[in-house]
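Here is a short report on one protein model. Keep the sequence and the 3D view open while reading.

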Amino acid sequence: MKTYKIALLPGDGIGRDVTEAAKAVLEKAAARNGFSLVTTSYPWSCDYYLENGSMMPGNGIETLRSFDAILLGAVGWPRKVPDSVSLHGLLLPIRKAFVQYANIRPHRLLPGVQGPLRSENFDILCIRENTEGEYSGAGGRVHQGTDSEVAVETSIFTRKGVERILRFGFEQARARGGKLASVTKSNAQRYSMVFWDETTERLSAEYPDVEVTSYHIDAMAARMVMAPESLDVVVASNLFGDILTDLGAAIQGGLGFAASANINPDRSAPSMFEPVHGSAPDIAHLGIANPIAAIWSGAMMLEHLGETVAAGKVMAAIEATTARGIGASPGRDKTDAITASVLSALD
Ligand code: NAD
Ligand code: IPM
Ligand code: MN
């Protein structure tokens with residue numbers, strides 16, 4: 001029987017609840033479809049940091065490298081560990097080290113879910129650059145605590161990085177509705193964002209079958225609310241993609257529905273699958289986190305592993321659940337009840 005090695009990183013807060021739910025669903029889907037998942041769970045988190053002084057051990061990245069894929073819950077517990085420490089100690093280094101340069105985030109309404117918009121007829125695939133840009137980590141602070149204090153944080157856009165994410169966007173658009181929206185702020189940011197726009201324009205010659213339009217980020221934010229049905233594939237830089245995909249989550253009914261995949265398209269290292277949402281300290285330990293975003297991310301993992309049939313069955317089980325109203329309204333159903341419904345819909 002085909003076996004996949006999965007590293008499980010539940011992380012903090014509701015990350016633990018939703019990964020447990022996703023694991024149960026994925027294991028059942030595997031058993032029903034003739035393959036198995038062997039999961040190894042690591043306790044790397046803010047609690048781990050308080051005990052050990054780091055978010056993961058020194059060989060953490062090398063430990064993860066031997067897996068076929070990584071399933072992550074959420075990282076961050078700002079009351080105990082500053083977010084800038086916890087995220088730069090676990091989540092962000094994994095995305096960079098494993099060259100997971102394409103962060104894919106689908107936004108559409110599941111059946112039975114009431115979104116906040118008049119338009120319910122949208123199906124957007126956000127592609128977020130995931131290794132550089134505004135998240136390059138280049139910068140520093142000098143003269144801290146004095147009147148002369150200076151803080152610098154530099155965005156880095158490389159030809160290699162911009163070309164590969166745009167090509168990924170063009171390919172996705174080609175495989176879907178044939179429309180690509182490229183998002184920048186090149187009216188104000190005249191170096192990096194003009195470079196991105198020029199690269200979009202240059203590559204478009206190689207994809208004559210894709211209709212590409214460049215938008216400014218501010219106009220795109222409005223468009224996602226006013227005319228989301230006009231969008232197909234949306235490609236954006238790291239920070240812009242981050243913000244747009246919480247907006248995407250909102251128009252699909254909430255953060256409990258937004259899935260994501262951090263993909264290494266060359267398959268030179270494992271890819272990582274995680275919901276868009278964070279550790280939600282406000283609802284942690286209440287048993288009311290919606291696990292659908294994490295389960296959907298798990299379906300994306302099965303798809304990436306080549307288990308397309310099982311991935312489709314997990315999606316169908318999610319849709320059958322929300323179509324019955326279970327998990328469809330934020331905060332109404334318990335995590336366990338939603339998970340139980342998805343599990344039984346797999347039968
Ligand atoms: P958040 O996504 O954790 O929460 C925002 C709001 O959405 C909260 O009101 C929360 O209750 C709600 N929410 C989120 N997921 C939900 C779910 N599955 N079901 C129901 N409601 C849900 O964002 P935040 O509050 O800005 O961040 C909290 C912590 O998580 C911070 O430490 C932050 O840095 C971290 N974070 C981590 C990730 C990640 O690991 N990928 C992503 C975002 C934020
Ligand atoms: C996300 C999160 C992370 C990001 C944070 C926690 C660093 O918001 O995955 O969307 O900005 O990438
Ligand atoms: Mn985010």
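Between domain 1 and domain 2, the count of salt bridges is 0. A salt bridge here is a side-chain nitrogen of Lys or Arg within 4 Å of a carboxyl oxygen of Asp or Glu. Polar contacts do link the two domains: 4 residue pairs, both at pLDDT 80 or more. A polar contact is a pair of N or O atoms within 3.5 Å; within protein, one must be able to donate a hydrogen and the other to accept it, and residues adjacent in sequence count only if both atoms are side-chain atoms.

This is a predicted model, in which local features need pLDDT of at least 70, side-chain atom pairs count only at pLDDT 80 or more, and totals for chains, interfaces and linings use all residues. Residues are numbered from 1 along each chain as its sequence is written, chains are lettered from A and ligands numbered from 1 in the order in which they are written, and side-chain values use heavy atoms, leaving out hydrogens and water.

**The two domains**

Domain 1 covers 1–102 + 263–347, and domain 2 covers 116–251. These bounds come from an automatic or database domain assignment. The domain centres, taken over C-alpha atoms, are 25 Å apart. In contact are 9 residues of domain 1 and 12 residues of domain 2; contact means heavy atoms within 4.5 Å.

The domains bury about 990 Å² between them, 62% of it on carbon and sulfur atoms. Buried area is the accessible area (1.4 Å probe) that two parts lose on being put together, summed over both. In domain 1, Arg-95, Lys-96 and Tyr-101 lose the most area to domain 2, together 55% of what that side buries.

**Salt bridges**

The structure holds 18 salt bridges. Three of them are listed here.

| Salt bridge | Closest N to O | Apart in sequence |
|---|---|---|
| Arg-108 and Glu-319 | 3.2 Å | 211 residues |
| Glu-206 and Arg-167 | 2.6 Å | 39 residues |

Arg-108 lies in strand S4 and Glu-319 in helix H11. Helices (H or I, at least four residues) and strands (E, at least two) are DSSP runs, numbered from the N terminus. Arg-167 is in helix H6, while Glu-206 is in the loop between helix H7 and strand S9. Salt bridges that share partners join Arg-16, Asp-47 and Lys-80 into one network.

**Two buried residues**

Ser-45 sits in the loop between strand S2 and helix H2. Is Ser-45 buried or exposed? Ser-45 is buried, at 2% relative accessible area. Buried means under 20% relative accessible area, exposed over 50%, partly exposed in between (1.4 Å probe, protein chains only). A polar atom of the Ser-45 side chain lies 2.9 Å from the backbone oxygen of Pro-43. The backbone nitrogen of Asp-47 is 3.4 Å from a polar atom of that side chain. Beyond four places in sequence, Ser-45 touches residues including Arg-16 and Leu-90.

Val-233 belongs to strand S10. Val-233 is buried too, with a relative accessible area of 0%. Val-233 and Phe-170 are 63 residues apart in sequence but 8.4 Å apart in space, C-alpha to C-alpha.
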